[in-house]
Protein chains: 2
Amino acid sequence: MNTEARRIEIFEGLRQPDRSGLPKYQRLTNVLVDGISRGLWRPGDRLPAEEELTELTPYSLGTVQRALRHLAEQGLVVRQHGLGSFVAEMRRRLQDPWHCRFIGDDGVSVLPIYTKAIHRIEVTGKGSWTKYLGAGSRVMRVDRMINVNEEFDIFSRFYADRTLLARLWNTPMERLHGANFKELITKQCQLPITQITHLVRVERFDSEVCGMLEVPKNTNGMFMRAIANAGHNLTVYYQEFFIPPNNRSLQFLEQTPSSPGL
Amino acid sequence: MNTEARRIEIFEGLRQPDRSGLPKYQRLTNVLVDGISRGLWRPGDRLPAEEELTELTPYSLGTVQRALRHLAEQGLVVRQHGLGSFVAEMRRRLQDPWHCRFIGDDGVSVLPIYTKAIHRIEVTGKGSWTKYLGAGSRVMRVDRMINVNEEFDIFSRFYADRTLLARLWNTPMERLHGANFKELITKQCQLPITQITHLVRVERFDSEVCGMLEVPKNTNGMFMRAIANAGHNLTVYYQEFFIPPNNRSLQFLEQTPSSPGL
DNA sequence: AGCGATTTGTACGTATGTATG
DNA sequence: CCATACATACGTACAAATCGC
């Protein structure tokens, strides 16, 4: 079946009576996110016009507009007056490595990192990832070692939905060596990552982690978690970093969102 | 003039022809923010009902609702079905302190912080601040203790140009107690802070810091620096935080700016 | 430069649903 | 049950931006 037909088909569900109890603009929002994440519309593609959507769906213009506006506020869609609504490009204005931005002596440059994938498994049941990825989903975990500027190593656990990042699950392990996960994700996942949250604390590493990092047992180090979101609700991946003591500083950059009005 | 009369009066401007070119829902949003910031409605107060606002203003229900919804999304207003729209409590809309965002057990809420200014001096010569504030400027330093959720204390050194933040230099020390520096700076300094950089590392605290924090000598803790910029070049302030070991996580948020320019 | 077609942006007025007290 | 007040939704109208002819 061609893409155009599948695009039209995706709205059919909205004609069924509502089982979820969600408002209509939410249901439409979800359908559009679903279509984008399934690659029906790729970054840069134009979504159906508002008027068109009022025909494809049983919804009114106001409802359609609210859904689109909502997606635009979340950064998943870019709307252009007189032109149309487009799936946001994934070109990242987030800084270059998303995580592990260690700063060099000059206080400006970002130290290079080299990654090595160790192994990849499916995890089940509950765990630290459940909170972010949900309990019902099929979650994979990729363990990696990340070397920073040939100075020290970081141990990292990467969690994501196996189906959402199917290509990452299927890519041969050999090709994950040295691969930039950021690139893999942006290229192979349709969803633009619009928000990343980092959580940082000082923690005593357990023996497994200490073993991986080759540091003495009970070493205190930095424990960092990263949650990458597309829109406000969907978590694309969740990642843990175990950073041993070192004399480099991690950088976090926050820009005050230009508030329209107010 | 009593408050009620002033509350009604504040909407009068909306009847004048629009000079700003802003959409109506924005103008109403601005008027409400203005009223709140001037104390016409204090935290916890109920705003006029939607229907009431359609009478107080020349706007329709949809427009009024959009303004209120917008304010609710920003966290300035809390809307309760069947009850009314209320000005958010201070702690709630003191949205995310810029620094020291420690996350509560629920993984979402930001723990409250209480600050106490200890002393304020002018610093000369070179120091850790020079790199960011320049060598030639007259720099003040304000030392503070920051209590997080009554659980632990952070020691902080705040550096800024004495002339740029003249009011902060002149404000009596008593009034700095408990003051939110963010508010002081945004209100009293005309410069909008557009970017904040955080640098984080694990460090062994020196004896002075350990003394302030009342932790054993040579304690390893988190050392955080924050650089607040207006525009790209100008540093408004530079701040150091000494965070003792604790079991809370610090949050850093990075958002891809919603691209209007494309 | 102008004009029409397309498309988003704002706004109105109305109707109905639903939570609260 | 009722009044109040927010929440959703509809259909319509017009304004404003963009593009192609």
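This is a predicted model: local features need pLDDT of at least 70, side-chain atom pairs count only at pLDDT 80 or more; totals for chains, interfaces and linings use all residues.
User: Why should helix α2 of chain B span 20 Å?

Analyst: The helix covers residues 24-37 of chain B, which is 14 residues. The expected span is 1.5 Å times one less than the number of residues.

User: Which residue just after α2(B) takes a positive phi?

Analyst: Just after α2(B), a positive phi of about 85 degrees is found at G39(B).

User: Which element supplies the largest share of the surface near DNA strand D?

Analyst: Around DNA strand D there are 21 residues, and K24(A), S60(A), T63(A), G82(A) and A49(B) are the closest. At least two residues each come from α2 and α4 of chain A and from α4 and β2 of chain B. The largest share is three residues, and the element that supplies it is α4(A).

User: How many residues of the surface near DNA strand D are polar?

Analyst: This surface has six nonpolar and three charged residues. The remaining class is the polar one, and its number is 12.

User: Which element gives the most to the surface near DNA strand C?

Analyst: The residues that come nearest to DNA strand C are A49(A), K24(B), S60(B), T63(B) and G82(B). The most, three residues, is given by α4(B).

User: How many charged residues does the surface near DNA strand C have?

Analyst: By class, six residues of this surface are nonpolar and 11 are polar. The number of charged residues is four.

User: Which element gives the most to the side of domain 1 of chain A that touches domain 2 of chain A?

Analyst: In the domain assignment of chain A, domain 1 covers 3-87 and domain 2 covers 92-251. The centres of these domains, taken over C-alpha atoms, are separated by 32 Å. Nine residues of domain 1 of chain A are in contact with eight residues of domain 2 of chain A. On the domain 1 side, the most, three residues, comes from α2(A).

Conventions
Residues are numbered from 1 along each chain as its sequence is written. Chains are lettered from A and ligands numbered from 1 in the order in which they are written. A residue is near a molecule or strand if its C-beta atom, placed from the backbone, lies within 6 Å of it. Helices (H or I, at least four residues) and strands (E, at least two) are DSSP runs, numbered from the N terminus. Ala, Val, Leu, Ile, Met, Phe, Trp, Tyr, Cys and Pro count as nonpolar, Asp, Glu, Lys and Arg as charged, and the others, Gly among them, as polar. Domain bounds come from an automatic or database domain assignment. Two residues are in contact if their C-beta atoms, placed from the backbone, lie within 7 Å.
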